[in-house]
Amino acid sequence: MSDSALSIGLFYGSTTCYTEMAAEKIQAQLNSLFDEDIVDLHNIKDVNLTRTAEYDIIIFGISTWDFGELQEDWESHWEEVHGLDLAGKTIALFGLGDQLGYGEWFQDALGMLHDAIMPSGCNIVGYWPNEGYEFTASKALTEDKTQFVGLSLDDENQYDKTDARIEAWCEQLLVSWLNYLIHLDISVGK
Ligand SMILES: Cc1cc2nc3c(=O)[nH]c(=O)nc-3n(C[C@H](O)[C@H](O)[C@H](O)COP(=O)(O)O)c2cc1C
């Protein structure tokens with residue numbers, strides 16, 4: 001066990017629990033990598049987004065609904081999202097979508113959330129290659145269209161890939177955070 005006081009805040013919105021299930025898997029994976037309970041889960045239906053102020057490292061989870069729209073809890077907090085003071089924070093994003101059912105709007109909300117927090121001066125990590133997906137269009141792609149702006153999960157069509165994707169993404173995050181952790185002089189459990 002590490003004696004670090006580091007904690008990671010994972011804030012998500014989820015209508016039919018898929019994003020919630022992914023959030024729990026990400027929490028378990030990161031806790032195991034750090035060898036301690038380092039991730040606090042917050043469903044934004046119940047918790048005010050101003051609680052992000054408590055964390056330097058944040059993960060946001062969002063699903064896309066209704067042909068490219070925000071998940072309902074993110075939608076009702078959308079004004080708040082734009083007003084958050086996230087300057088200097090390290091933020092990673094993940095999204096849930098359905099690439100075959102909604103291939104013209106795949107993961108759009110992930111892209112909208114990315115664009116909403118970008119101007120705050122936060123440091124966004126955890127971009128994810130778009131290989132291995134089939135879709136027509138997405139607002140969640142980087143400018144060169146080679147990556148999603150966060151981990152892209154599709155439990156409708158690729159449920160069997162979710163665990164491996166989460167595992168690889170969490171390891172990728174760990175590398176991204178390393179500089180930050182060294183900077184804070186905080187020891188990592190493993
Ligand atoms: C009515 C409906 C509309 C949807 N619209 C989209 C969409 O526009 N783009 C997309 O990628 N996925 C879309 N999806 C798929 C959801 O994002 C997917 O089911 C996701 O896992 C839901 O996550 P949640 O239960 O955490 O909200 C839609 C699903 C439903 C049922």
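1. Strand S1 (residues 8–12) and strand S3 are joined by 5 bridges and run parallel. Strands and helices here are DSSP runs (E of at least two residues for strands, H or I of at least four for helices), numbered from the N terminus. Two strands count as paired if DSSP finds at least two bridges between them. Within this pairing, Phe11 has Phe60 of S3 as its bridge partner, and Leu10 has Ile59 of S3.

2. The model is predicted: local features need pLDDT of at least 70, side-chain atom pairs count only at pLDDT 80 or more, and totals for chains, interfaces and linings use all residues. Residues are numbered from 1 along each chain as its sequence is written. The pLDDT is the predictor's confidence in each residue, on a scale from 0 to 100. The protein chain averages 93, and 92% of the residues score at least 70. Among the elements, helix H5 (residues 159–184) has the lowest mean pLDDT, 90, and strand S9 (residues 151–153) has the highest, 99.

3. S1 also pairs with strand S2 (residues 39–43), again in the parallel sense and over 5 bridges. Ile8 has Val39 of S2 as its bridge partner. The chain passes from S1 through H1 to S2 in a right-handed β-α-β crossover; right-handed means that, with the strands pointing away from the viewer, the path from the first strand over the helix to the second runs clockwise. Phe11 has a bridge partner in S2 as well, namely His42.

4. S1 is mostly covered, with 5 of its 5 residues buried. A residue is buried if 20 or more other C-beta atoms lie within 10 Å of its own, exposed if 12 or fewer, and partly exposed in between, with C-beta atoms placed from the backbone. In a regular strand the side chains alternate between the two faces of the sheet. In S1, Ile8, Leu10 and Tyr12 point one way and Gly9 and Phe11 the other, and all are buried.

5. S3 is likewise mostly covered: 9 of its 9 residues are buried. One side carries Ile57, Ile59, Gly61, Ser63 and Trp65, while the other carries Ile58, Phe60, Ile62 and Thr64. Ile58 stands opposite Ile91 of S5.

6. S3 has an antiparallel partner too, strand S4 (residues 69–70), joined to it by 2 bridges. Trp65 stands opposite Glu69 in S4. The two strands form a hairpin with 3 residues between them. Asp66, in the loop between S3 and S4, has a phi near 55°, a positive value in a residue other than glycine. Asp66 counts as exposed, because it has 12 C-beta neighbours inside 10 Å.

7. Most residues other than glycine have a negative phi. Cys17 has a positive phi of about 80° although it is not a glycine. Cys17 lies in the loop between S1 and H1 and is partly exposed, with 13 other C-beta atoms within 10 Å.

8. The largest nonpolar core has 43 residues, and those touching the most other members are Leu10, Ile26, Ile59, Phe60, Leu93, Leu110 and Leu113. The elements giving two or more residues to this core are S1, H1, S3, S5, H4, S9 and H5. H1 gives the largest share, 6 residues. A nonpolar core is a set of buried Ala, Val, Leu, Ile, Met, Phe, Trp, Tyr and Cys residues joined through C-beta atoms within 7 Å.

9. Helix H4 (residues 108–117) is mostly covered, with 8 of its 10 residues buried. Among the buried residues of H4 are Asp108, Leu110, Leu113, His114 and Ile117.

10. The ligand is surrounded by 23 residues, of which Thr16, Tyr18, Thr19, Ser63 and Gly97 are the closest; a residue is near the ligand if its C-beta atom, placed from the backbone, lies within 6 Å of it. Helix H1 (18–34) and strand S3 (57–65) are the elements that give two or more residues to this shell. The largest share, 3 residues, comes from S3. The shell divides into 8 nonpolar, 10 polar and 5 charged residues. Here Ala, Val, Leu, Ile, Met, Phe, Trp, Tyr, Cys and Pro count as nonpolar, Asp, Glu, Lys and Arg as charged, and the others, Gly among them, as polar.
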